[in-house]
Amino acid sequence: INPSEENSFTFNSVNNTIQLLDNTELSVYNLEGRLILYSNKRHTNLSHLLKGIYIIKTDNNSQKIFIH
């Protein structure tokens, strides 16, 4: 992650949801690099995913998150 880049999403770890902050696309990958979820909706619920670490990618950002 480049610290100079602005986040294009926020992750709420309490209810496992992502809110896109701009008009972008969201891809969720597992640690094996397999695409798990794709969305272009403003709000995306990730609570159906198994517990673990996932990589969230948007057009200009990527970040690891933990689903618990």
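Two strands count as paired here if DSSP finds at least two bridges between them, and the strands themselves are DSSP runs (E, at least two residues) numbered from the N terminus. This is a predicted model, so local features need pLDDT of at least 70 and side-chain atom pairs count only at pLDDT 80 or more, while totals for chains, interfaces and linings use all residues. Residues are numbered from 1 along each chain as its sequence is written, and side-chain values use heavy atoms, with hydrogens and water left out.

**View 1. The three-stranded sheet, an open one with the order β1-β2-β5.** Pairing here is antiparallel. At the edges stand β1 (9-12) and β5 (43-45); each has a single partner strand, so one side of each goes without a neighbour in the sheet. On average, neighbouring strands are turned by 15° against each other, direction ignored; the axes behind such angles are lines fitted to C-alpha atoms, and angles run from 0 to 180 degrees between N-to-C directions.

**View 2. Zooming in on where β2 meets β5.** These two run antiparallel and are joined by three bridges. Look for Q19, which sits opposite H43 of β5.

**View 3. The four-stranded sheet, also open, ordered β4-β3-β6-β7.** Again the pairing is antiparallel. Its edge strands, β4 (35-39) and β7 (62-67), each pair on one side only. From one strand to the next, the twist averages 25°.

**View 4. The pairing of β6 with β7.** Strand β6 covers residues 52-57, and six bridges tie it to β7 in an antiparallel arrangement. Across from Y54 you'll find I65 in β7.

View 5. Is T24 buried or exposed? With a relative accessible area of 5%, T24 is buried (buried means under 20%, exposed over 50%, partly exposed in between, using a 1.4 Å probe and protein chains only). Leaving aside residues up to four places away in sequence, T24 touches S8, N40, T58 and D59, where touching means heavy atoms within 4.5 Å. With D59 there is also a side-chain to side-chain polar contact at 2.9 Å (a pair of N or O atoms within 3.5 Å; within protein, one must be able to donate a hydrogen and the other to accept it, and residues adjacent in sequence count only if both atoms are side-chain atoms).

**View 6. R34 and E32, partners in a salt bridge.** The structure holds one salt bridge, meaning a side-chain nitrogen of Lys or Arg within 4 Å of a carboxyl oxygen of Asp or Glu. The closest N and O atoms of R34 and E32 are 3.5 Å apart. Both R34 and E32 are exposed.
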